[in-house]
Amino acid sequence: MRRDTDGPDPAAAGTRAMETADARLAARLGELRAEQGWSLGELADRSGVSRSTLSRAERAEISPTAATLNRLCHVYGRTMSRLLSEVEAEPASVLRTADQPVWEDRASGFVRRSVSPPHPGLRGELVEGRLAAGADLAYDRPPVPGLEQHIWVLEGRLAVTARDVEHLLEPGDCLRLRVWGPTRFRCAGPRETRYALAVVLP
């Protein structure tokens, strides 16, 4: 089917929006490092992320993976949602579906929708996570030690590993935990897994 070339291209618009978000994230990462007075080498030592990856991420040459962002959030004392919210416009009291920030880790098959982003004066946030079939996402540390999480599976099967224990969750199941060490989220079924994640700062 031939496209009407005079009208807007939704795919192109989505790509431009993603590129703009990546650029804002890159700028914010550079600002956070500058605020600490760290060189790229010092940040690499603190985060365990290579200097070259940090440099390319701050120049928006690459979009950092979820694992990389998690390490940087740990160093800067932020949750991932809080970091991502800092590159978005001021959050409104009511966030319509179309306005909820979406971030994608293409390498791991992970899509993260910030349903209720961090807001001044609030300690909690709500996230929708989607893991493609076969996706396996590992975090070597929490962004904030002692972070409280409530993981409610909506569709598919989700395996969550914390403190060396794997919990296999079916639709409707909810796992509650405080995160102190490594965690792993794995799509444990043949189809995409969708879950809600409530996060509360300690």
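**View 1. Helix α2 and the glycine that follows it.** In this predicted model, helix α2 is followed by Gly48, a residue whose phi is positive, near 80°. The helix itself spans residues 40-47, and its buried residues are Leu40, Leu43, Ala44 and Ser47. These residues lie on the same side of α2, because they cover an arc of only 105° around the axis. An α-helix has 3.6 residues a turn, so residues three or four places apart point the same way.

**View 2. The crossing of helices α2 and α4.** Helix α4 comprises residues 66-76, and its axis comes within 9 Å of the axis of α2. The two axes cross at roughly 100°; angles of 65 to 115 degrees count as roughly perpendicular, and α2 and α4 are therefore roughly perpendicular to each other. On the α2 side, the contact is made by Leu43, Arg46 and Ser47. On the α4 side, Arg71, Leu72, Val75 and Tyr76 take part. Leu43 and Ser47 are also among the buried residues of α2.

**View 3. The open four-stranded sheet.** Four strands, in the order β4-β9-β6-β7, form an open sheet with antiparallel pairing. Strands β4 (136-139) and β7 (165-169) are the edge strands, each pairing on one side only. From one strand to the next, the twist averages 15°.

**View 4. The pairing of β4 with β9.** Strand β9 consists of residues 183-187 and pairs with β4 in the antiparallel sense, over four bridges. Within this part of the sheet, Thr183 of β9 stands opposite Tyr139.

View 5. Arg194 is located in strand β10, which covers residues 193-200. Its relative accessibility is 18%, and Arg194 therefore counts as buried, the limit being under 20%. Leaving aside neighbours within four places in sequence, Arg194 is in contact with Glu128, Gly129 and Arg130, and also with Val153, Leu154 and Glu155. Trp152 is 42 residues from Arg194 in sequence, while the C-alpha atoms of Trp152 and Arg194 are 8.9 Å apart in space.

**View 6. Two cysteines, Cys73 and Cys174.** Cys73 has a relative accessibility of 1% and so counts as buried. Cys174, at 45% relative accessibility, counts as partly exposed. A disulfide is a covalent bond between the sulfur atoms of two cysteines. The structure holds zero disulfides.

Note on methods. Residues numbered from 1 in each chain as written. Predicted model: local features only at pLDDT ≥ 70, side-chain atom pairs only at ≥ 80, totals over all residues. Heavy atoms only, no water. Pairing = 2+ DSSP bridges. Helix = DSSP H or I, 4+ residues; strand = E, 2+ residues; numbered from the N terminus. Axes fitted to C-alpha atoms, helices over the stretch in contact; angles between N-to-C directions. Buried < 20%, exposed > 50% of the residue type's maximum accessible area, 1.4 Å probe, protein only. Arc of directions from axis to C-beta. Disulfide = S-S within 2.5 Å. Parallel < 35°, antiparallel > 145°, perpendicular 65-115°, else oblique. Contact = heavy atoms within 4.5 Å.
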